[in-house]
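This briefing concerns the contact between two protein chains and the elements that form it. Please consult the sequence and the model while reading.

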Amino acid sequence: MEHWWYTLPLRLKSILLRRRMERELEEELQFHLEHKIEEGIAEGLSPAEARYRALRAMDGLEQRKEEMRDLRQVQWLTDFLDDVRYAMRSLRRTPGLTAFVVMTIALGIGMTATPFSMLDALVFRPYPVASPGEIMTLMSSSRDNRYDAFSYREYMDLKAHAESYSGVAASLPLSAVGFSAKADTTPVVRGGMLVSGNYFRVLGVEPQLGRGFRDDEDTVPGRDAVVVLAPGFWKREFASDPSVVGRVVRLNGAEFTVIGVAPESFPGMLIFSRPEFYVPLAMAKLFSTDPRKSFFVDRDDRELLVRARLKREVTQAQAQHEMDLLARGFEREYPKFNRDRGAVVRTQFELRTREDDVNWKFSVIFTMLALGVLLVACTNAAGLMLSRARTRTREIAVRLAMGAGRFRLIRLLLTESLVIAILGGLGGIGVGYAGIELLQRFEIPADLPVTVPFRMDLRVLTASLALSVLCALFCGLAPALQSTRMDLAAGLKTADVDMPGRRRLWGRNALVVSQVAMSLMLLAASFLMVRGFRSSLGEGIGFAKDHLLMVKFDPRLIQYSEAQTQQFYRLLTERLRGTAAVRSTGLTQNPPLGLDSFEQLAFVPDGFEMPRDRESFQTKMDTVNAGYFPTMGIGITRGRGFAESDSAEAPRVAIVNEHFARHYWPNEDAVGKHFRMDGRTGPAVRIVGIAQTVKYGETFEKAMDFVYLPMAQHAAPRMVLMVKTSGDPMQLVQPVKDVVRGLDPNMPMIETRTYEDLYRYASVDGPQVAINLVGTFGAVGLLLAMAGLYGLVAYNVARRTREIGIRMAIGANQMDVLRLMMGKGLVLVGIGTVIGLGLGFAVERLLNSMLFNAGGVDVLAYLVVVPVMLLVTTFAAYVPARSATRIAPTRALRYE
Amino acid sequence: MSKPNDLVQGTLDLLLLKILALEPLHGWAISLRLRSISGDVLQVSEGSLYPALHKLEQEGWIQAEWKQTENNRRAKFYSVTRLGRKQLETETANWQRLSTAITNVVQISEA
């Protein structure tokens with residue numbers, strides 16, 4: 001390395017200060033020469049003799065200089081710079097074509113950069129911790145759920161017994177915590193993270209201020225109310241005040257002492273959200289999400305995400321082996337909770353690319369489409385470069401004839417491609433940046449800040465530029481190889497020469513065919529996605545989304561007991577019912593098509609024969625009150641809805657949807673049937689009604705099982721109030737506020753908005769972004785294919801001008817010429833279309849299996865896409881072909 | 001590259017490094033120094049001197065600096081770098097090994 005220290009400045013100087021180096025070389029030798037001459041004169045030689053002797057001593061001054069120049073070992077680089085300069089000059093001679101090729105590549109690269117930034121953010125970006133490669137995620141796995149969390153007790157056992165790791169840490173995100181900086185202020189909702197005492201140490205994260213947790217601060221439940229602030233939160237909420245350490249803040253009404261601030265470099269381990277503070281796991285009771293479960297005791301209260309740092313000398317396979325043994329130990333010791341349960345060790349990459357991950361699916365689909373566009377762009381650019389190289393046959397022939405090496409010429413031509421590709425790459429970064437901006441503008445309507453992690457960072461930039469260099473090689477190599485392998489005599493005679501043999505035309509034809517095929521596939525894909533989303537929207541969501549105001553409440557934020565919470569909700573709905581403009585009210589844990597996921601219920605249906613390998617079934621569920629169904633307009637098709645009488649003391653009841661009823665009791669009436677909750681051992685629940693099947697999570701989801709439980713029997717503190725009116729729902733904000741004030745002026749109203757807002761963001765805007773992206777891919781693909789075909793035909797017309805002239809001179813009419821020029825292009829389009837259809841079907845199957853859960857072929861999509869494709873490409877071929885029919889025979893014959 | 005000279009192959013580098021290790025010099029002074037030190041035994045063509053200097057510079061063994069000479073003329077002075085001193089040590093050791101070996105061979109008495 002030291003070598004570089006001395007020689008690099010020298011090299012740089014020889015490149016950048018070429019003239020000065022020359023001058024200095026001259027001066028140095030001159031200095032020597034003068035002394036030598038003086039010496040000669042002093043010895044009594046005549047000045048002329050002395051000069052002659054001096055020159056002889058240096059034997060050949062110019063030769064010496066050349067020798068020294070060679071010594072600088074930068075010849076290749078100065079050659080390259082010469083090439084670049086030459087390439088720029090020659091590209092400037094065909095500005096239109098150059099601009100077009102640059103734009104083509106810019107589009108290709110730009111459209112790849114956007115999805116790559118997604119892929120990077122969602123999959124590849126490493127954890128922001130020290131040696132992120134050593135961090136493993138440990139998960140419990142069962143037949144029903146391959147990636148389950150661990151319970152607190154299980155975590156403690158893992159921490160005590162697993163020896164593959166230098167540390168095992170656990171965390172649990174808290175989505176809504178009431179935070180107030182002072183005792184007397186109304187709490188605001190903030191998101192935080194419960195973490196084990198060793199969390200920061202295992203991750204290798206040093207607080208920028210104060211300290212992290214001590215081990216003893218995470219041992220006694222409820223004892224140590226200490227909090228570490230996240231950097232962003234500290235900046236926003238405390239104006240980066242360093243005296244914050246030692247201060248007392250309130251979380252869910254309890255006092256916590258700030259002990260430190262996490263570093264800027266650690267925004268947290270989650271992709272989409274950033275915790276704003278960290279509190280020890282031992283404080284979990286205060287933030288408990290489910291009052292029915294006992295976090296510190298229940299071995300099956302599985303909520304913890306466990307991460308561990310692998311010891312240097314231990315492989316993942318060894319760690320997995322140890323986990324298998326530990327899991328078997330759990331199974332032996334706690335058969336009730338751990339029957340058929342295993343445990344897995346996963347790297348970040350494995351975790352993020354597991355088959356059920358929607359982020360992964362989306363990024364892969366987009367990246368594949370983008371690579372398709374890039375391929376079309378590159379083949380297009382290659383075609384254009386090829387035709388450019390061919391029209392320069394003569395220049396290349398002259399250079400070859402004058403003795404330029406073939407390798408040297410190829411390098412020159414490749415330099416041209418490289419210049420184009422770098423320009424295109426830079427343009428592409430601009431396009432990509434715009435695309436990412438677009439993605440970032442998609443905001444999510446939540447009170448908690450949701451981070452959109454897509455950004456144009458160094459990784460994306462590097463990838464884009466690397467792609468453009470690859471593009472250059474791809475676009476430039478074939479034309480460079482072909483055009484430098486020529487018959488010199490023929491090349492010198494005419495400006496353009498068509499080589500005998502079909503091989504080289506085959507290359508161009510393949511380009512056009514693949515362009516047509518790829519863009520047809522892209523168009524079909526975007527059309528299918530649009531239709532997929534549209535048709536799923538068209539199916540309807542099954543409930544009325546208009547005239548609804550929603551407000552979220554979480555009485556835990558102000559320390560309500562369970563009884564107080566129930567009382568609050570009862571009074572709230574009662575008083576609202578008496579308010580003018582309120583038609584009805586309902587309470588739900590989670591409104592449909594929102595952004596939160598539903599709770600899962602493990603149940604065993606009565607009289608249903610369980611498959612041998614299953615303990616229970618899983619279904620999504622919601623907790624609602626009696627008013628929910630009428631307010632949302634979800635019909636009860638059989639049996640009854642919930643009633644006030646379904647109280648905590650009354651027999652347990654549930655309402656299932658039609659899909660559920662048909663699924664488990666296909667030929668019977670499900671009303672009156674029972675199922676057991678929480679697996680085989682839980683309480684028996686009687687089905688009292690059947691509700692219409694609606695859309696729950698996504699507008700494009702397949703009909704699925706769903707269960708509703710009455711809120712009196714399945715208490716959840718955090719509920720969403722839905723208020724129906726006949727007018728503008730925003731008019732209800734004030735009346736609702738008044739009622740809440742009347743009940744408790746301290747009760748925070750979280751996320752007050754119309755339901756339509758939420759619906760639009762979650763179910764329309766999101767898919768729309770995807771549709772727009774894919775649609776743009778398709779449009780760009782079509783544009784590129786069009787340009788490619790136009791180029792091919794125009795090139796042929798130019799090449800065969802003379803032939804056309806002759807044909808017309810001997811009596812061919814315009815139709816014949818048109819047929820001659822377009823015929824082959826259309827055949828190529830035909831072949832491309834057939835291949836494109838095949839690709840389209842494949843993509844459709846992929847989309848259906850990944851997104852829409854639909855089967856079959858969307859004939860209409862192809863009925864639209866194929867004719868559009870044919871029309872556009874025919875037009876692209878027609879325009880230049882038409883100009884061929886205008887060739888005057890006399891002029892054409894004189895041509896060349 | 002250059003004409004064969006009277007030096008043992010590859011020793012020019014060693015000589016230049018050695019001379020420059022004593023003090024920084026410009027090209028002309030180096031050629032004078034070479035002549036005077038070695039008497040007339042070692043003949044270094046002045047033509048090969050500069051390419052050799054530039055080669056050493058490219059290797060990072062010596063570095064150049066434009067300075068005033070005692071006659072107030074601008075000249076390019078060469079001095080040995082840290083890397084060059086290491087190289088000098090190696091080459092000196094090599095030379096000593098080689099010359100001992102050659103001496104040994106030459107001194108074998110014919111029996």
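This is a predicted model: local features need pLDDT of at least 70, side-chain atom pairs count only at pLDDT 80 or more; totals for chains, interfaces and linings use all residues.

Residues are numbered from 1 along each chain as its sequence is written, chains are lettered from A and ligands numbered from 1 in the order in which they are written, and side-chain values use heavy atoms, with hydrogens and water left out.

**Interface of chain A and chain B**

- The contact (heavy atoms within 4.5 Å) involves 25 residues of chain A and 34 residues of chain B.
- About 2,800 Å² is buried between the two chains, with 55% of it on carbon and sulfur atoms; buried area is the accessible area (1.4 Å probe) that two parts lose on being put together, summed over both.
- On the side of chain A, the residues that lose the most area to chain B are A:Tyr6, A:Glu28 and A:Phe31, together 23% of what that side buries.
- Seven residue pairs, both residues at pLDDT 80 or more, are in polar contact between the chains; such a contact is a pair of N or O atoms within 3.5 Å, where within protein one must be able to donate a hydrogen and the other to accept it, and residues adjacent in sequence count only if both atoms are side-chain atoms.
- Elements giving two or more residues to this side of chain A are α1 (2–16), α2 and α4 (61–71) of chain A; helices (H or I, at least four residues) and strands (E, at least two) are DSSP runs, numbered from the N terminus.
- The largest share, eleven residues, comes from α2(A).

**Salt bridges**

- Over all chains the structure holds 37 salt bridges, each defined as a side-chain nitrogen of Lys or Arg within 4 Å of a carboxyl oxygen of Asp or Glu.
- Four salt bridges are found across the interface of chain A and chain B.
- A:Glu39 and B:Arg35 are joined through their side chains at 3.3 Å, N to O.
- A:Glu27 and B:Arg74 form a salt bridge with their closest N and O atoms 3.2 Å apart, and this pair crosses from helix α2 of chain A to strand β3 of chain B.

**Sheet of chain B**

- Three strands of chain B make an open, antiparallel sheet in the order β1-β3-β2, two strands being paired if DSSP finds at least two bridges between them.
- β1 (25–26) and β2 (62–68) of chain B each have a single partner strand, so one side of each lacks a neighbour in the sheet.
- Two bridges link β1(B) to β3 (residues 74–80) of chain B, and B:Leu25 has B:Tyr78 as its bridge partner in β3(B).

**A loop residue of chain A**

- A:Asp678 lies in the loop between β18 (674–677) and β19 (684–691) of chain A.
- Apart from neighbours within four places in sequence, A:Asp678 contacts A:Leu601 and A:Ala602.
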